[in-house]
Amino acid sequence: MTNEAFETPNLLLALPEIWLLAMACVVLVVDLFSNDRDHGPAFWLTQVTLLGGIIITVSTQWGVDATTFSGTYVADSLGALLKIGILVLAFLGFAYSRDYMRDRGILKGEYYMLGLFAVLGMMVTVSAGNLLSLYLGVELMSLSLYALVAIDRDSSRASEAAMKYFVLGALASGMLLYGMSMLYGVTGTLDLGEITAAAAELDDRRFLFLFGLVFMMVGVAFKFGAVPFHMWVPDVYHGAPTPVTLMIATASKVAAVGLFLRLIGEGLLPLLESWQHMVVLLAVLSLLIGNTVALVQTNIKRMLAYSTFNHVGFILMGFVAGTPEGYAASVFYALTYAFTVAATFGVVLLLARKGFEADHITDLKGLNDRSPLFAFVVLILMISLTGIPGTVGFYAKWMVLKSVVEAGFVWLAVLAVIGAVVGAFYYLRLVRYCYFDKAEGEGPQPTGSGGFQAVLAANGLLVLVAGIFPGTLVAVCLAAFL
Amino acid sequence: MENLLLIIVLAPLAGAIIAGFFGGTIGRAGAHWVTSLSVALSCLLSFHVLLGLISGDRQPFDGTVYNWMVAGGIQFQVGFLVDRLTAMMMVVVTFVSLMVHIYTIGYMADEEHNWPKDSLAGVNAYQRFFSYIALFTFAMLMLVMSNNFLQLFFAWEAVGLVSYLLIGFWMNRPTAVFANLKAFLVNRVGDFGFLLGIGVVLLFYGSLNYSEVFATAAANPDLTMSIFGGAEWQVATVAGILLFIGAMGKSAQVPLHVWLPDSMEGPTPISALIHAATMVTAGIFMVARMSPIYELSAVALSFILVIGAITALFMGLVGLVQNDIKRVVAYSTLSQLGYMVVALGVSAYAAGVYHLMTHAFFKALLFLGAGSVIIAMHHKQDMREMGGLKKYMPVTYWTMLIGTLALIGFPAFSGYFSKDGIILAVAESQRAGATFAYLCVLAGVFVTALYSFRLLFLVFHGEGRMDRHTREHLHESPLVVTIPLILLAIPSVLIGLVTVMPMVLGDWFGDAIFVSQANDVLAAVAAKYDSAWGLVAHGFVSLPLYLAAAGFLTAWYLYVIRPDLPDQLRQRFALAYTILEKKYWFDELHLNVFAGIGRALGRFFWKVTDVGLIDGLLVNGTARTIGRVAAGLRRVQTGFLFHYAFVMIIGLLVMLTWFVFGAR
């Protein structure tokens, strides 16, 4: 590579990232010179940036299959799909968080800037064609998220969460990097395409390959929060301000799917036999631990953290088959799950007000009396997360299970279904509180601004619509792999 | 064409959604305007499609609109198949629905009196009602326009659901709740067969799409399957009978007919729209639509023929002893549905569907007329308290007279052509059971005339038997009620003359209905008559007309000349009367035997297996175990960073040893 003549990269292919980077800088500067205490310009600019990013991604990358920057950047449909998901989720996250952050005095310009950089990191990750750009993306995302968790500097709980997240994240990053170095040592290249080709042939050095693979798998599993690399999840979900939790629970999960697919799912596909069982192990542990512990949680954020493991188990199961259909199922699952969870956090944010977090499960009591619309939204979200037929959660689970059964892991599918049934308990418990219990004290009060409520209602109803008409999204996910 | 069809289907749905969810906001007038206009739009466009198909400007449409999902290579789709058969159904459905919408404005005007004062259920009930009937129109359109079994089944269930909701519309009345539960449960039995039939079709014909299924079925007419041991059955026979069991539930054929009379607990407009004109004819339409399958199986058709014949005669007989005005019309509907099924049974699908169409008009007219009487009588329905209403309600009287003449088959009225077509077709048929069916439908003509004129004489002629208060308030119903009556009376008289030749005796339906050469009884009939007036002329020299006249004279003698005679007859023939009064004990059979066994089984499973085994051992036992494990695992989350890091390292080591060193 050293002797190659410098070739001007095709910048146009990386336009979404370039746009985001440029606008993140603009947001930084604009916010610096704005006197608005609510950081209105930064907020609106951020949202415009994200919406613009969606349009640019759709128009420049969907249906394309090309590389630029000497192969370190890949523009293809898969990347585009994941990026659109990430951008939309970030848009929802910012839309839901404004009132919350303002009420707690932590609405700062940095919030938007760090958020945009985290999004940029995720986008780079899912478009990486090279170990270096992949790592760069992961670190950009992670570092921004560490800082975001600690954005409420005066909260000891948030600081503690950020510290744990950072130290464990550093450990995981180290392992990821170590695994990558192994790969480089074996193949002599950083390019994922060339590594894939080498993996198919190198029989004698398979051992080293596997060694690196395990380390990388640990790093990826950490980003997913898959058991046993999950210990940070409950503390960070609980300790971080809810909007930041939302970002970690949704957009970063989608990015993790991209990370897995680029690095292992597609990059090391020839070693499927070897990593298949690792993924099965992670999936089984996640399904078992997540569901069991979620049962006894009384804090919504912690409950969602534990139930995340269950869903991570499902997403990982889609990878097991190593087929485009399985991958599509995972992407479909991750996207729909992220949208559902985003709305769930949105409801928590909506009900939170100054001095009241609304993150205890009994805080939802009597929601139906106060706001039938949002009680209905909670109902849709919870039955979708449970996976009751007719909801989008059902189709996601069904696609994953189908791919697993086709790969011959029937027992895994059975286990996952049992897990899903157990999950019904803690999801439907929320529905019960919303509809059948009387409010205690002041009870839940939807407090957000009109725009917030409209976006949240649309989010919830879209989950319903996607459950009735899943065909389009399924087709899009499948198209990303064909 | 696709967009046009989508508008036809979705307009009523939009109306239903607006009236249903925003009924409180838009108010009563808003609700009836938005639903009526949406159905009117559907109706206009349906006429447009039908005329386009007739003139040849449009070609039949068969296409997929939305790919719902693919599972195991089977496509689940939403699609439309619109040929002349469908277009005719669309026009009938939307036209009757529109009439009913308008009529309802008058019928439900003082609706709030039907609810207890403080009842929450009565809030916005008027809007809810309009929302339901528009929703029904949507579901019924989806049913007739479907091009595949999946959508057919969904729509089939959807109309059933709306029917359930509407029968129990006055949900504070225990009888209404009982009736809607009964309708729902009896239909479950039919739908179980229907679903099995769809399963057979999918299993052996490998598709859910009509055209693909028909092509496969035609290519493999002798395909067999084995049920229970070694006996081989023709697939077309099994599929046909199972699908027809679904039709027996929906179209109320013996012995699954018991729900229809009880469904009269619902508001009268519903009885007209759902339980006379449209939903109950879904079974007829379905069998006609599936004619390529049924034509393969003489056994299935004979089964249909016998069931239809029994229904046609014996349900008519029960109608003779009913005193509730709506129940008489309900039993008449059962009997007429039997006629349609008989037509299907002799492969005269066109005649069956044709009777469906004419019946939709005149039976909706009769129901709405009955409703008009009920309005005047302050929601009393017992005919023994009526009489002499003719002078108070001339429009209702004359339109109901027209409906009655059409029903009994008075020459040149629409019902004459359709019913005579069926009788002639049965006479031509050589199918097993055709002789029995012929006797039943002939006797049915006499019975039909008898109960129809009994109703007319009891209600409109003779002395008034109502109390004074009611009599003083008797008056003709408002225009919103009488205009639909008049509009429905027009096709009840005229439509037969205009359409009988092409539709029954011609080739109007084209490819929509398939009849194999050997079974084509209608062609044999057509060979003898060359015009509608020829058919009318024939009527005067054939038996049915004289039977009908005998029925009329009997009714006249019994209820006008000698009103005391029916009571004497009742005492003289007590046994026969009791049999009819008890409706052949079908209700008792269903309630005590089938429902009884079901409840006993349910109680067993509840007490023994559920409470003891599942709840006690499995559910609570598992829950307790999981709870304990969870409490333990929760303690692992200590909060200490070094514990967390330790777990990660352990995980790494396990994976390394297992997968890297273990793999060697």
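This is a predicted model: local features need pLDDT of at least 70, side-chain atom pairs count only at pLDDT 80 or more; totals for chains, interfaces and linings use all residues.

Author: To find it, look at the loop of chain A between helix H14 (324-351) and helix H15 (367-370), where A:Lys365 sits. Now look at what surrounds it. Setting aside neighbours within four places in sequence, A:Lys365 has contacts with A:Tyr433, A:Asp437, A:Lys438, A:Ala439, A:Glu440 and A:Pro444.

Next, let us go back to chain A and see how two helices pack. Helix H13 (residues 300-320) and helix H18 (residues 410-436) of chain A have axes that come within 11 Å and cross at roughly 155 degrees. Angles over 145 degrees count as roughly antiparallel, and H13(A) and H18(A) are therefore roughly antiparallel to each other. Their crossing is left-handed. On the H13(A) side, the contact is made by A:Met303, A:Ser307, A:Asn310, A:His311, A:Phe314, A:Met317 and A:Val320, while H18(A) brings A:Leu412, A:Ala416, A:Gly419, A:Ala420, A:Tyr426, A:Tyr427 and A:Leu430. Sorted by class, this contact of H13(A) with H18(A) has ten nonpolar, four polar and no charged residues.

Helix H14 (residues 325-345) and helix H18 (residues 434-460) of chain B pack at an angle of about 160 degrees, and their axes are 11 Å apart. That angle makes H14(B) roughly antiparallel to H18(B). The crossing of H14(B) and H18(B) is left-handed. Among the residues making the contact are B:Ile325, B:Val328 and B:Tyr339 of H14(B), along with B:Val441, B:Gly444 and B:Arg454 of H18(B). By class, the contact of H14(B) with H18(B) has eleven nonpolar, five polar and one charged residues.

One further pair in chain B is worth a look. Helix H3 (residues 84-107) and helix H10 (residues 268-277) of chain B pack at about 165 degrees with axes 8 Å apart, and H3(B) and H10(B) are therefore roughly antiparallel. Here H3(B) passes H10(B) in a right-handed crossing.

Now for the backbone. Most residues other than glycine have a negative phi, and most peptide bonds are trans. With that in mind, look at the bond from A:Val227 to A:Pro228, which is cis with omega near 5 degrees. A:Pro228 lies in the loop between helix H8 (206-224) and helix H9 (232-239) of chain A. In chain B, the peptide bond from B:Val254 to B:Pro255 is also cis, with omega near 0 degrees, and B:Pro255 is in the loop between helix H8 (235-250) and helix H9 (259-262) of chain B.

For phi, turn to two histidines of chain B. B:His378 has a positive phi of about 55 degrees although it is not a glycine, and phi of B:His379 is near 60 degrees. B:His378 lies in the loop between helix H15 (349-376) and helix H16 (394-408) of chain B, and B:His379 is in the loop between H15 and H16 too. With a relative accessible area of 42%, B:His378 is partly exposed; B:His379 is partly exposed at 33%.

Finally, a word on cysteines. A disulfide is a covalent bond between the sulfur atoms of two cysteines. Searching the whole structure gives zero disulfides over all chains. As for individual cysteines, A:Cys25 is partly exposed, at 38% relative accessible area, whereas A:Cys434 is buried at 1%.

Note on methods: Residues are numbered from 1 along each chain as its sequence is written. Chains are lettered from A and ligands numbered from 1 in the order in which they are written. Side-chain values use heavy atoms; hydrogens and water are left out. Axes are lines fitted to C-alpha atoms, for helices over the stretch in contact, and angles run from 0 to 180 degrees between N-to-C directions. Helices (H or I, at least four residues) and strands (E, at least two) are DSSP runs, numbered from the N terminus. Angles under 35 degrees count as roughly parallel, over 145 as roughly antiparallel, 65 to 115 as roughly perpendicular and the rest as oblique. A crossing is left-handed if the near helix is turned anticlockwise from the far one by less than a right angle, and right-handed if clockwise. Contact means heavy atoms within 4.5 Å. Ala, Val, Leu, Ile, Met, Phe, Trp, Tyr, Cys and Pro count as nonpolar, Asp, Glu, Lys and Arg as charged, and the others, Gly among them, as polar. A disulfide is a pair of cysteine sulfur atoms within 2.5 Å. Buried means under 20% relative accessible area, exposed over 50%, partly exposed in between (1.4 Å probe, protein chains only).
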